[in-house]
Amino acid sequence: MKLSNIGKPVILEMEFLDPYTDEKTGVFVKFHSLKSRHGKESLHAIQLKIIEAREKNEDIDNSVLNRELLLSLFDSFRGLEDENGKAIKSSKKAFEDAINESLEFSNACLVFV
């Protein structure tokens, strides 16, 4: 490893494959690695929420925790288009809308991270 790379964020990119045909879709998403400093901090924050909920005897909604983890690890995306074929600008809000709209997309992102 180069000395200049120490401390830089570790970002990994996935290509979303169609869940039914396994064909490439041209949609790419970049996430911070779970093994990176950012990833470990994100995972720790989720673990603290779980501990806090258990101490209060509250129900834990795994889908909410998974969504929070994806949003905290999210870096950028490219290749997503709206219904008119116009490219959607990469933002955390647009990514959140995409994972809320498509369970398949959300699951693929979870499997990747």
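Contact is taken here to mean heavy atoms within 4.5 Å. The structure is a predicted model, in which local features need pLDDT of at least 70 and side-chain atom pairs count only at pLDDT 80 or more, while totals for chains, interfaces and linings use all residues. Residues are numbered from 1 along each chain as its sequence is written, and side-chain values use heavy atoms, with hydrogens and water left out.

The protein has 4 helices and 3 strands, where helices (H or I, at least four residues) and strands (E, at least two) are DSSP runs numbered from the N terminus. Along the sequence, these elements follow the pattern β-β-α-α-β-α-α. Along the principal axes, the C-alpha atoms fill a box of roughly 45 × 45 × 25 Å. Of the 113 residues in the protein, 26% are buried; buried means under 20% relative accessible area, exposed over 50%, and partly exposed in between (1.4 Å probe, protein chains only). The accessible surface comes to about 8,100 Å², with carbon and sulfur atoms accounting for 51% of this. Accessible areas come from the Shrake-Rupley method with a 1.4 Å probe, and for residues only the protein chains shown count as cover. Among contacts with a separation of 6 or more, 49% join residues 24 or more positions apart.

Lys49 is located in helix H1, which covers residues 37-55. With a relative accessible area of 41%, Lys49 is partly exposed. Not counting residues up to four places away in sequence, Lys49 touches Leu65 and Glu68. Ile60 is 11 residues from Lys49 in sequence, and the two C-alpha atoms are 9.0 Å apart in space. The loop between H1 and H2 contains Asn57, a residue with a positive phi of about 55° although it is not a glycine. Asn57 counts as exposed because its relative accessibility is 69%.

Helix H2 (residues 62-73) has 12 residues, which at 1.5 Å a residue should span 16 Å; its end C-alpha atoms are 16 Å apart, in agreement. The expected span is 1.5 Å times one less than the number of residues in the helix. Leu65, Leu69, Leu70, Leu71 and Leu73 are the buried residues of H2. Their cover includes E2, helix H1, strand E3 (74-78), H3 and helix H4 (103-112). In H3, the buried residues are Ala94, Phe95, Glu96, Ala98 and Ile99, and what covers them includes E2, H2, E3 and H4.

In strand E2 (residues 24-32), His32 was examined. His32 is buried, because its relative accessible area is 12%. Leaving aside neighbours within four places in sequence, His32 is in contact with Pro9, Val10, Ile11, His38, Leu73, Phe74 and Asp75. Ser33, in the loop between E2 and H1, is buried with a relative accessible area of 12%. With neighbours within four places in sequence again left aside, Ser33 is in contact with Val10, Leu12 and Gly39. Pro9, one of the contacts of His32, is found in the segment before E1. Pro9 is exposed, with a relative accessible area of 58%. The C-alpha atoms of Pro9 and Ser36 are separated by 6.8 Å, although the residues are 27 apart along the chain.

Asp22 sits in the loop between strand E1 (11-17) and E2. The phi of Asp22 is positive, at about 60°, although the residue is not a glycine. Asp22 is exposed, with a relative accessible area of 58%.

Open space in the model was also examined. On a 1 Å grid over the protein atoms alone, a pocket is an open set of points where a 1.4 Å probe fits, with protein on both sides within 12 Å along at least five of seven lines; lining residues have an atom within 4 Å of a point. The largest pocket has a volume of about 360 Å³, the volume being the space filled by probe spheres set on the points, which are joined across faces, edges and corners. The lining of this pocket consists of 14 residues, of which Leu80, Glu81, Ile88, Ala98 and Glu101 lie nearest its centre. By residue class, the lining divides into 7 nonpolar, 2 polar and 5 charged; Ala, Val, Leu, Ile, Met, Phe, Trp, Tyr, Cys and Pro count as nonpolar, Asp, Glu, Lys and Arg as charged, and the others, Gly among them, as polar. Helix H3 (residues 92-101) gives the most to the lining, with 4 residues.
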